[in-house]
Amino acid sequence: MFGTLAALGAMAPLALAATTPGARTGKASAVTPQTATLNGRVDPNGFPTAFYFQYGRSTRYGKRTATADAGSGKNSHAVSASLTGLRPNTTYHYRLVAFSSKGTARGTDRKLKTPQIATTSSISVSPNPLRFGGTASVAGALSGPDVGGKQVALQFKPFPFTSTFRQSGNTVVTSPQGAYSFGFPGLITAQLRVVEKSKPSVVSQTVTESVALATSIHIRRSRRNLHRVRFYGRVRPSRAGNAVLIQRKLKRRWKTIALTLTRPGTANFSFFSKRLRLGRGGTFRVIVRTTGGDYVDGVSRELRILLRRHHRRS
């Protein structure tokens, strides 16, 4: 009897191993200075299984790809994940991890090395955020050998950043030192990058240019009571139902003294209006809150109000 129990106990780890997913790390492919594709094989062993890759500059990894579904079949099959934002001329460690309700399996550690970039490209955008309807200045330079006289193009991807990059305006030619500049119209928040047109092309990092709601502020005071003031203004592009914060400037911060909402105006703008009784004058502004990622909060100019008997309408 004791011998039978011992034999069953020895078989238990084998049964567990048979149901734990299988994970085998494969060779990386499509390795460029900043991207790579990690490959491997996962065997779900008949249970719903998910996987991801760990990667980093050492066997501590530190980063991982998004978790993906590996199915629940009984045979191993190929899986892969794409890496972006890698450093050129850098060695990375990576391994495949598969897991299910039956356990976790880790593949062996493997390495890849990204190649060096002979020429690099920088990019800066100003101002950021940009007021709706304005034009941002995009500047940068190629660095490396023979960077003068190169054709470069500005590309953009509008919010929500699900489309592919497309070119904005015409290509420009770099200066003898590799410098270039563009203008970009601020109509919606977008991701920007600069691409050199040679082959293989050199691509700058991606910068998100935020566009703020264009917000104006005006006041109209009562002729009978100078302390009664109506704050009003317009917001572009048109937004209805956005929170409007009327703020007074204190010594080190802004204090919200009233709240209202934007109301429909035309296809091009919305508006707001709020009547207040001010106990004293000061410096005021308006902030219009956004409700999505296509624009950021709009901030008006600062407006000084003096509560005097003789006054000007702003």
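Predicted model: local features only at pLDDT ≥ 70, side-chain atom pairs only at ≥ 80, totals over all residues.
**View 1. Ser300 sits in a loop between two strands.** The loop runs between β28 (298–299) and β29 (303–305). Ser300 counts as buried because its relative accessibility is 8%, and the cut-off for buried is under 20%. Look for the polar atom of the Ser300 side chain that lies 2.9 Å from the backbone nitrogen of Val286. Leaving aside neighbours within four places in sequence, Ser300 also has Thr215, Ser216, Ile217 and Arg285 among its contacts.

**View 2. Glu209 is a buried residue with no salt bridge.** Arg131 is the nearest side chain of opposite charge, and it's 12 Å away. What the Glu209 side chain does have is a polar contact of 3.3 Å with the side chain of Asn128. Once neighbours within four places in sequence are set aside, the contacts of Glu209 include Val125, Pro127, Pro129 and Leu130, along with Ala136, Thr189, Ala190 and Leu192.

**View 3. Strands β14 and β17 pair in the antiparallel sense.** Seven bridges link β14 (residues 151–158) to β17 (residues 190–196). To pick out one of them, find Ala153: its bridge partner in β17 is Val195.

Conventions
Residues numbered from 1 in each chain as written. Heavy atoms only, no water. Helix = DSSP H or I, 4+ residues; strand = E, 2+ residues; numbered from the N terminus. Buried < 20%, exposed > 50% of the residue type's maximum accessible area, 1.4 Å probe, protein only. Polar contact = N/O pair within 3.5 Å; in protein donor to acceptor, adjacent residues only side chain to side chain. Contact = heavy atoms within 4.5 Å. Lys, Arg positive; Asp, Glu negative; His and termini not counted. Salt bridge = Lys/Arg side-chain N within 4 Å of Asp/Glu carboxyl O. Pairing = 2+ DSSP bridges.
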